[in-house]
Amino acid sequence: MIVGERKPFSEIMSMVEDYSKILIVGCGSCVTICMAGGEEEVTILGSQLRLAFQKNKKDVEVEEAMALRQCDDEYMNESALIEKVKKADIVISMACGVGVQHATAFFNRIVPDKPIKVVPGLNTTFMGANMEVGIWEERCVGCGDCVLEKTGGICPITRCAKSLLNGPCGGSSNGKCEINKDTECAWHLIVERLEALGELDRIKPVEMYKDWRSSHDGGPRKIIREDMRI
Amino acid sequence: MTEFEPKIIAFCCHYCALAAADVAGKMGLQYAPNIRIIRVLCTGKVEIPHLLKALESGADGVVVIGCKFGECYFREGNFRAAKKLERAQSLIQEAGMEPERLQFDFVPGPGAKKFADILNGMTEKVRSLGPNPTVN
Amino acid sequence: MKSGSNLERLLERGEFVVTGELGPPKGPDAEVVKEKARMLKGNVDSVNITDNQTAIVRMSSIAAAKVLIDEGLEPNMQMVARDRNRIAMMSDLFGANALGIKNMLCLSGDHQTFGNHPEAKNVFDIDSIQMIYMVKTMRDENKVVCGDEIEGDFKMFIGAASNPFADPFQYRVHRLAKKVEAGVDFIQTQCIYDMKRFKEFMKQVVDMGLHEKCKILAGVTPLKSVGMARYMAANVSGIIIPEELIGRLKGAGKGNVATEGIKILCEQMQELKETEGIAGIHLMAIEWEHRVAEIMELAGFLPRPTP
């Protein structure tokens with residue numbers, strides 16, 4: 001899932017302090033699971049903002065709302081939510097970067113008579129897995145050309161700090177990456193896994209250059225399923 | 001001028017804390033007048049929004065009282081509560097409030113004297129901090 | 001000949017070569033490069049020029065290499081995968097050839113978090129092994145990566161690094177084999193202190209016949225102090241320093257530690273000369289260039305053969 005973290009309170013405050021009708025919209029999908037932008041976090045931010053404004057004797061309305069997902073119009077197309085958006089003069093979206101952008105576009109389309117400003121409440125970080133309660137780790141960078149079959153299910157693009165396809169480098173030590181002793185050397189893991197599978201020969205030939213066009217380096221990507229479009 | 005009497009909300013767990021409150025009552029132990037006790041099955045059930053809402057609604061301080069670590073009826077509810085309190089303290093500090101307005105403490109069951117001491121201590125601490133700065 | 005460089009010709013002839021190393025300055029002062037070059041001239045066969053080593057910004061390897069050529073020495077230009085994509089690499093390689101650079105090393109490069117600009121974006125478009133293959137293709141097929149013909153003749157003697165002490169140990173020789181398959185001409189190893197482990201590695205190398213397909217130079221660095229030994233052992237990946245060596249340094253007594261370090265180095269150099277599969281030494285006397293002449297003299301490696 002997409003993992004993010006709530007922005008520091010001071011940063012959020014600096015984005016909204018000059019407004020008087022603030023709406024916080026949370027997202028019920030990825031950011032709820034990684035405990036960054038779901039209902040509870042929306043409530044918390046709402047309380048923090050109200051406490052801070054009250055302390056400074058500012059008369060500010062802070063409203064709260066939820067959308068199951070902000071990356072799909074149909075989940076935001078609810079009259080209750082849209083009414084709240086109309087009343088606000090600024091919206092804090094607690095969704096990931098995708099949701100913030102998509103919500104901005106959607107709200108501005110659905111409320112044509114005034115421009116709606118949507119600001120991000122989170123710093124979206126990576127695509128990762130929940131390792132244990134409270135710990136998430138990056139696992140995929142979306143390179144568009146998955147090599148996991150060759151590397152025993154361990155991604156060298158994501159988990160190797162140098163994205164080597166012919167690793168490990170000389171900095172691998174005791175199974176750890178040179179950049180951080182808490183980071184496992186991906187290639188060390190790959191070698192071990194392939195050995196266990198009896199597939200170490202797979203990485204003996206030189207792996208050729210990667211075509212980065214399928215990755216983000218080729219610009220913002222798009223997928224169109226013609227069979228879904230009438 | 002009348003002295004400021006802090007309004008304290010005390011989330012008390014059903015097991016040790018409430019038992020302590022009961023015994024304290026029977027023993028006639030005095031503690032500060034403006035305490036509102038809210039019973040929870042276990043302090044683990046207290047969520048951060050509850051703590052923040054308590055302050056938003058005008059409480060001057062909030063204390064969460066549970067069982068001693070290792071004696072929680074639900075095993076780790078009190079550990080979770082303590083962690084949440086820590087986070088809540090930093091959240092209110094971000095918003096410009098003194099983190100000491102939120103406290104976690106425990107009583108041995110049924111530690112009536114400790115119970116009274118906690119509430120009195122919290123009241124004095126909050127008295128020195130002053131009224132909730134967000135209440136106008 | 002792959003490039004006709006001095007290094008290549010000496011190795012072809014079966015001479016036991018010694019390469020040195022030079023770190024460019026953190027600025028544009030070519031004089032610094034010239035001074036170090038003068039200390040190394042005549043004492044080593046060719047000189048590695050590091051490429052923003054430890055990700056700290058320094059004069060580029062290609063520029064410093066040209067300064068060296070003008071001083072009458074032969075450079076081994078280093079190129080890391082961290083800072084350049086394949087386009088910039090091939091472009092720099094054309095330029096290197098035009099400036100008379102004939103030897104280079106293909107390296108991954110230390111991650112930028114080690115350097116003075118950890119906030120920079122890294123590149124890693126291709127890795128060190130793909131780089132070796134790329135340079136070989138440029139030289140032997142006269143083509144760039146996409147297959148376009150190169151205008152003119154591109155020549156280069158291709159080197160790479162090998163760290164026999166990194167993990168996983170059992171895989172290191174296979175990684176060396178990959179570099180050989182990709183087309184490497186010479187290898188320089190990480191500096192050696194643990195002779196026993198190194199010899200185990202070389203045995204595997206010889207068993208696989210890799211020493212016949214590329215020339216292997218054993219890396220050495222003199223230990224200047226006990227502090228230096230401990231620092232390297234703790235912080236540089238793959239450096240294992242046996243307690244016995246530390247003991248010798250300690251036992252040397254105040255003021256004599258560096259001399260003992262040089263003595264140990266000379267012994268190592270002799271032992272490596274006798275080791276099967278080793279074609280030469282790569283002497284990394286970082287910030288000790290002024291003692292290279294003395295070291296080479298003491299080790300009995302002077303005068304250097306004329307190419």
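The model under discussion is predicted; local features need pLDDT of at least 70 and side-chain atom pairs pLDDT 80 or more, while totals for chains, interfaces and linings use all residues. Residues are numbered from 1 along each chain as its sequence is written, with chains lettered from A and ligands numbered from 1 in the order written.

H2(C) spans residues 30-40 and H3(C) residues 61-70; they pack at about 55°, with axes 9 Å apart. Axes are lines fitted to C-alpha atoms, for helices over the stretch in contact, and angles run from 0 to 180 degrees between N-to-C directions. Helices (H or I, at least four residues) and strands (E, at least two) are DSSP runs, numbered from the N terminus.

To this contact H2(C) brings C:Ala30, C:Val33, C:Lys34 and C:Ala37, and H3(C) brings C:Ala64, C:Val67 and C:Leu68; contact requires C-beta atoms, placed from the backbone, within 7 Å.

I turn now to chain A. Here three strands form an open antiparallel sheet, ordered E1-E6-E7; strands pair if DSSP finds at least two bridges between them. At the edges lie E1 (2-6) and E7 (135-140) of chain A, each pairing on one side only. From one strand to the next, the twist averages 70°. E1(A) is joined to the antiparallel strand E6(A), residues 122-132, by five bridges. Opposite A:Gly4 stands A:Thr124 of E6(A).

How values were computed
Two residues are in contact if their C-beta atoms, placed from the backbone, lie within 7 Å.
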